[in-house]
Amino acid sequence: MRFVVTAGPTREPIDPVRYLSNRSSGKMGYAIAEAAAEAGHNVLLISGPVNLAAPKSLELISALSSDEMYDVVHRHLDGTDVVVMCAAVADYKPATVSAHKIKKQDQALSLELIPTRDILASLGKEDRQFLLVGFAAETNDLEKNARQKLQQKNCDIIVANDVSTITSGMETDENEVTILLRDGEIKKIARAPRA
Ligand code: C5P
C-alpha cells in the first residue's frame with residue numbers, strides 16, 4: 001500500500017529571521033513512517049523541520065511552513081491508500097510577513113495572526129479514496145475534544161494524546177495514546193517507546 005505520513009512542526013515566518021513554531025519533535029511521525037516502510041509499504045514522509053536522521057527505505061520531502069506542507073501533501077495524493085497527518089501544523093500564522101527584519105523598539109509589539117489552512121480538514125472529502133488518520137494533542141477533555149475533531153475534520157481515525165504531562169506527548173521518547181474510530185470504538189494503547 002502507499003502511505004503519506006506528515007511529521008514535525010511547521011514554521012510560520014514573521015520576517016526573514018523569525019518564525020512561530022511549536023515543540024513537536026517529529027519522533028511519532030518518523031516512527032510511524034519507518035514502521036510502515038518496514039512492513040513493506042511504499043511510504044512518502046513529508047517532514048517539517050526536525051533534528052532527526054532521514055529514515056532509509058522511504059521517500060522524504062521537507063516542508064517548512066503550513067502553506068508549503070499543504071501544497072506538498074496535495075501534490076502527492078495520487079494512488080495513496082493511507083494518509084497519516086501526524087504533523088503539528090501551526091493553527092495560526094502572521095497575517096503579513098515583513099520583507100525586512102523587524103526593528104526592536106521600546107513599545108509593545110503586536111502581531112496579527114490569521115488561521116492557517118487546515119490540511120487534514122481539506123482531505124476529509126466524502127469521495128476520498130484513502131483512509132484518513134488525524135492526531136489530536138490535547139491538554140484537557142482528551143476523548144471529547146478528539147471525538148469532536150474526528151467529526152469536524154471527517155477523519156476515519158483520530159489518535160489522541162495527552163500533552164499536559166512531561167512524561168508523554170511532545171519531545172518525549174515514550175507515548176500513550178487513545179485511538180478513536182469513526183464508528184465510536186475506542187482503543188487505549190499503553191505507554192510504549194515511539195520507535
Ligand atoms: O485542530 P488541531 O490542530 O488540534 O488538529 C490536529 C490535527 O489536524 C493533526 O492531525 C494535524 O496534523 C492536523 N492539522 C492540519 N492542518 C492544520 C492544523 C492541524 O492538517 N492547519
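Where does Ser57 lie? Ser57 is in the loop between β4 (42–47) and β5 (59–62), where helices (H or I, at least four residues) and strands (E, at least two) are DSSP runs numbered from the N terminus. This is a predicted model, in which local features need pLDDT of at least 70 and side-chain atom pairs count only at pLDDT 80 or more, while totals for chains, interfaces and linings use all residues. Residues are numbered from 1 along each chain as its sequence is written, and side-chain values use heavy atoms, with hydrogens and water left out.

**Ligand site**

- The ligand is surrounded by 14 residues, the closest being Met85, Ala87, Leu120, Phe135 and Lys149; a residue counts as near a molecule or strand if one of its heavy atoms lies within 4 Å of it.
- A backbone N or O atom of Ala87 is 2.6 Å from a ligand oxygen atom, and one of Phe135 is 2.8 Å from a ligand oxygen atom.
- For Ile119, a backbone N or O atom lies 3.0 Å from a nitrogen atom of the ligand.
- Taken alone, the ligand exposes 450 Å², and the protein buries 88% of that; accessible areas come from the Shrake-Rupley method with a 1.4 Å probe, and for residues only the protein chains shown count as cover.
- Two or more residues of the shell come from each of α3 (119–123) and β9 (131–138).
- The shell divides into seven nonpolar, two polar and five charged residues. Ala, Val, Leu, Ile, Met, Phe, Trp, Tyr, Cys and Pro count as nonpolar, Asp, Glu, Lys and Arg as charged, and the others, Gly among them, as polar.

**Salt bridges and Arg182**

- The count comes to 11 salt bridges, each defined as a side-chain nitrogen of Lys or Arg within 4 Å of a carboxyl oxygen of Asp or Glu.
- Glu126 and Arg182 meet in a salt bridge of 3.8 Å, N to O. Glu126 is in the loop between α3 and β9 and Arg182 in the loop between β11 (174–181) and β12 (186–193), so the pair links distant parts of the chain, 56 residues apart.
- Glu126 is exposed at 66% relative accessible area, whereas Arg182 is partly exposed at 38%; buried means under 20%, exposed over 50%, and partly exposed in between (1.4 Å probe, protein chains only).
- Arg182 also forms a salt bridge with Asp156, with the closest N and O atoms 3.1 Å apart. Asp156 is in the loop between α4 and β10, 26 residues from Arg182, and is buried at 17%.
- The side chains of Asn154 and Arg182 are joined by a polar contact of 2.6 Å (a pair of N or O atoms within 3.5 Å; within protein, one must be able to donate a hydrogen and the other to accept it, and residues adjacent in sequence count only if both atoms are side-chain atoms).
- Lys149 and Glu138 form a salt bridge of 2.6 Å, N to O. Lys149 lies in helix α4 and Glu138 in strand β9, so the pair ties together parts 11 residues apart in sequence.
- Lys149 is partly exposed at 24%, and Glu138 is buried at 8%.
- Asp67, Asp71, Lys93 and Arg117 are linked in a network of salt bridges.

**Backbone angles**

- Ser57 has a positive phi of about 60° although it is not a glycine, and Ser57 is exposed at 65%.
- Asp141, also not a glycine, has a positive phi of about 45°; Asp141 is in the loop between β9 and α4 (142–152) and is partly exposed at 45%.
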